Amino acid sequence: MSGVVRDQDVDIDLGQLVRAVWARRLRILTITLAAAGVAFAGAKIISPQYRSETRILIEPRAPAFASTQQASDAGGGPLMDELNIASQVQLLQSADLLKKVINDLKLYNLPEFEDAANGSAMSSILVKLHLKKNPIENPPEERVIDAFVERLQVYQVPGSRVIGINFTSKDPKLAAAIPNAMANVYLSTQSGAKLASNSEATRWLEPEIENLRQKVSEAEKKVAEYRTNHGLLQTNGTTTFPTQQLNDISAELTRVRGDKANAEARAQAVRNALSSGEASDTLPDIMSSQAIQRLKATESGLQSQISDLQTSLLNSHPRLKSLRAQLSDIRGQIRQETQKILASIENEAKVADLRASELERQKDAVQANSARAGEDEVGLNALEREANAQRQLLETYLVRYREAASRADRNSSPADARIVSRAIEPVDPYFPKVVPIVVVAAVATLILSAIVTMLAELFSGRALRAVDMSRNAVKAEMAAEDREVAQAAPAARRLVQPSMLAVVTEDDGKDGIEETAAAEEAPEDDNEFSIASVADYLTGSRAPLAIAISPTGDNGSAATVALTRMLADAGRRVVLIDMTGSGYPTELMAEDQTALGVTDLLCGEAAFGDTIHGDRLSDAHLIPQGQSDVRRAMRGVDRLSLLLDALAAAYDVVVVECGAADVAGVSRLTRSRDVEIILSLPQLEETIFVTLMTEFQAAGYQRVVLMSGGQADEQELGQAA
């Protein structure tokens, strides 16, 4: 591997930028004041523009002399919605209305509205480049309208039915006159439209009313003829003659039957009185007879005389006999007269019976006629309905005609809008505002000058400074820890633990890895095989997977940990998988030594996300060795390649620390040869290096990188080559 030299990191010195701006403060202030002066002069040179506004309220309106009903119909109607208000805004900007205002105010004679024909320098350039049409080619009327529209603004006041009309002009009087003129023309147009609508209505209704009158007359004539032909004469407004006749006969028949029953009851009372010999004085028919009353008076007088004479005479006295004979004769006359009254009452009953019979006959005849009249009334009702419909339509047209005719005058048809605020002649110009322009120009120039000064300082390199490597406390701690580990390694003389992949090799019947003594501390001199050089090499490599093999034990695993942390500090997303037998990378990087890891994942006792942990000293990630049985986990070693593919898709670099592994175990991890093989030998041992290089190259791995110590190791490596 060729050596790679890293560029020195630089940072921006903010203090130098501020000092550079302060050192050039006089120049910046001079430029700012000059820009403010130019802005002030330009604002004074620019012709002032004046703006004025007229506001119109859109609402239904009725004539002042309208009736209460008409006023309520006009004023109580539905208010205009947003679409109607927007339509009125467009109407105020219509070409016809603008032309009317231009002609009324004779704006085409004003030079202000010919500025479009003169044009500016930029406009002339665009015209010569054929990027813009020459305004001179447009008709004069169109040029005036274009200039008018550029200065006009018509808008709806938010949340209301008010429309504002703004106009900007160099002449303050014209700025106030044009919005007022537009409002007047708009109201006149609206009123004229309503007047035209009323006139059109009267013109249309006149022939229609005349035609309806003829139709009504013909319909009523048909009704009268039908009544005459079928005898359906009306006695009042609701009934016909046969119906009225039937009602009268029925009422008379009821009365006659009542008289008959009354007469029969009176006759029966008289008979009962005669047959029983009871006194008939209580019967009204007998007491009402004058003859009976005289006879009763005579009878009463005779009884009085007989009573008086009986006190002085005997019963056989001729006078008493004579009086008794007269009394008997009077009583016989009373009975005869009673018989006459009874006969009279019986005659009344007979007459009532005959009258009832006659009325019943007449009723039957009239009922037959009424049935025939009912059939004829069906056709009559159809004719009357037609006549009524024509009559109602005629009355409706007459009412509409009278309403439309009453609004034929212009004052009788006000526009559905009114001016709520007229434009007044402005005193202060709308543009330019001298003070805001000068302030904005000064502030903008000050900021731009400071930015230009800072950019010049950056491009010159004076504001850049080298990054102090000692500022990274984490790196110092990492380096100190690596040195402590390397110094403690020879003293502890850790035995080389077989890699987790050796379990697979043993299961396949292959030889295990021999234990060797740990190497001495790796030198810290920078060379092309140093950890930093290998980190730079992996940063530029396209291979996402790096297999680190440490044949000399944990000191090689410590170097791999240092490599992983260096890659993380360089901004690479890197994860280290601990496949060593000793779990030394887990001991160096994990906060919790009992964290779930790769063996737990392969045994199915942990989820994939639960096995990824952060390094305690860097931004690198770690998948620890785990707590499950290694032999049981390695039965699923074929799934480990799927795990590596998933990690390669999520990280920039995936580092697998295999410890003292051989070619057979490594080949089980990789499906392809797109992998970097790193031989981590902090202290170069020629025999081990040559053997491993030969084995891996024989197995087809061409990219085998040595990560070793200082210059002495380089010389030994050259002799071995």
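Figure 1. The chain contains 25 helices and 13 strands, where helices (H or I, at least four residues) and strands (E, at least two) are DSSP runs numbered from the N terminus. This is a predicted model, in which local features need pLDDT of at least 70 and side-chain atom pairs count only at pLDDT 80 or more, while totals for chains, interfaces and linings use all residues. Residues are numbered from 1 along each chain as its sequence is written, and side-chain values use heavy atoms, with hydrogens and water left out. Of the 721 residues in the chain, 38% are buried (under 20% relative accessible area, with exposed being over 50% and partly exposed in between; 1.4 Å probe, protein chains only). Among the contacts in the chain (heavy atoms within 4.5 Å) with a separation of 6 or more, 83% are between residues 24 or more positions apart.

**Figure 2. The crossing of helices α17 and α18.** Helix α17 spans residues 531-540 and helix α18 residues 554-569; their axes come within 9 Å and cross at roughly 50°. Axes are lines fitted to C-alpha atoms, for helices over the stretch in contact, and angles run from 0 to 180 degrees between N-to-C directions. The two helices α17 and α18 are therefore oblique to each other (angles under 35 degrees count as roughly parallel, over 145 as roughly antiparallel, 65 to 115 as roughly perpendicular and the rest as oblique). From α17, the residues I531, A532, V534, A535, L538 and T539 meet A559, A562, L563, M566 and L567 of α18. By class, this contact of α17 with α18 has 10 nonpolar residues, one polar and no charged (Ala, Val, Leu, Ile, Met, Phe, Trp, Tyr, Cys and Pro count as nonpolar, Asp, Glu, Lys and Arg as charged, and the others, Gly among them, as polar).

**Figure 3. The crossing of helices α5 and α8.** The axes of helix α5 (residues 95-105) and helix α8 (residues 140-151) come within 11 Å and cross at roughly 100°. Helices α5 and α8 are therefore roughly perpendicular to each other. On the α5 side the contact is made by L98, K99, V101 and I102, and on the α8 side by E141, V144, I145, F148 and V149. The contact of α5 with α8 comprises seven nonpolar, no polar and two charged residues.

**Figure 4. The surroundings of L295.** L295 lies in helix α12, which covers residues 290-310. With a relative accessibility of 12%, L295 counts as buried. Apart from neighbours within four places in sequence, L295 is in contact with I330, Q333, I334 and E337. The C-alpha atoms of L295 and I334 are separated by 6.4 Å, although these residues are 39 residues apart along the chain.
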